[in-house]
Amino acid sequence: MRLVTRCLALLAALCLAGCGGERPLTVAVQPWIGYESLCLAQQFGWLPPQVTLRHGQSAADSLAALQAGTAEAAALTLDEVLRARAAGVPVSVILILDSSAGADVLLARPDITRLADLAGKRVGYEPTAVGALVLSEILTRAGLAQDAIQRVELPISQQLAAWRSGAIDAVVSYEPTAGKIEAQGATRLFDSRQMPDTIFDVLAVRRDRMDGRSALLRRLVEAHFRALAYVRGNREDAVYRIAEHQGMSAADVRRALAGVILPDLAGNRYALRTGSRFEQAAGRLNRLMVQRHLLAAVDPLQDLFDADFLPGAEPAAP
């Protein structure tokens with residue numbers, strides 16, 4: 001009888017897992033100031049126990065995990081979402097984490113004082129859609145052909161070493177690495193304030209992995225907003241926690257936070273609806289990526305975003 005009872009209990013558990021029970025959720029993240037809300041939520045124990053953050057070193061790691069199915073969700077830039085969709089990965093945006101307003105930068109040696117001075121120079125950039133997009137915009141503004149520079153593909157984890165060794169003359173970077181390179185004497189020639197409504201960081205989820213995870217996704221999004229409330233209400237403590245996690249100074253964290261916009265619940269509700277400025281920006285970015293050969297064809301943007309996982313009210317400050 002005891003064996004029968006155990007077998008029935010196991011069968012019930014399996015049935016629950018396969019018939020709407022909460023299934024584990026893995027979220028791929030990488031070092032970036034806009035994703036620290038998820039890391040803070042993990043640190044404070046606000047993430048549901050079934051949620052695991054998969055920490056990679058670059059956007060390429062997160063995108064690869066999403067494509068391979070080893071993560072059901074990932075923190076990505078909007079252009080990476082479009083590239084994932086072009087590769088056949090059925091993803092939708094359920095949360096806007098941040099928009100870049102100065103955090104993505106072009107840093108150069110002191111003798112390079114104008115964008116036009118980049119001609120013939122070795123320019124490092126991360127081989128991602130954002131890296132290519134920012135570099136393409138810089139060359140256009142400089143009046144230079146796309147092949148007027150020596151392109152050096154550098155993952156973010158290798159940029160500081162390349163700068164120190166003298167292997168590059170300029171680099172497209174972002175925090176926390178950008179601050180470390182500036183501390184080595186680099187000067188800022190361009191940043192994302194000059195290309196607004198272009199670089200968004202979002203939480204993207206595979207639509208084919210949502211079954212059995214809807215409630216979990218809602219609690220994950222709530223944890224993000226709870227962490228944002230903590231940052232607003234306890235900014236200095238949050239700054240030092242982020243600094244320790246990112247391995248950067250508190251001053252660098254403050255500067256990085258100043259370079260991004262972190263939309264609240266109301267901002268997300270407005271953005272994740274038909275006809276919003278976010279949808280319009282996605283359309284512009286979509287067309288721009290096709291023009292610059294970052295996408296082979298325009299994405300119809302069907303099911304690009306889904307607001308069903310946003311909470312009903314802004315979480316109270318902890």
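View A. Helix H6 spans residues 156-165 and buries Ile156, Gln159, Leu160, Ala162 and Trp163 (buried: under 20% relative accessible area; exposed: over 50%; 1.4 Å probe, protein chains only). Helices (H or I, at least four residues) and strands (E, at least two) are DSSP runs numbered from the N terminus. Viewed down the H6 axis, the buried residues fall within an arc of 165° and so line one face of the helix, the arc being that of the directions from the helix axis to the C-beta atoms. Ser157, Ala161, Arg164 and Ser165 are exposed on the face turned away from the buried side. Gly166, which follows H6, has a positive phi near 80°.

**View B. Packing of helix H9 against helix H10.** The axes of H9 (residues 235-246) and H10 (residues 250-258) lie 9 Å apart at an angle of about 110° (lines fitted to C-alpha atoms over the stretch in contact; angles run from 0 to 180 degrees between N-to-C directions). H9 is therefore roughly perpendicular to H10 (65 to 115 degrees). Contact (heavy atoms within 4.5 Å) involves residues including Val239 and Ile242 of H9 and Val253 and Leu257 of H10.

**Notes.** Residues are numbered from 1 along each chain as its sequence is written, and side-chain values use heavy atoms, with hydrogens and water left out. In this predicted model, local features need pLDDT of at least 70 and side-chain atom pairs count only at pLDDT 80 or more, whereas totals for chains, interfaces and linings use all residues.

Key: Angles under 35 degrees count as roughly parallel, over 145 as roughly antiparallel, 65 to 115 as roughly perpendicular and the rest as oblique.
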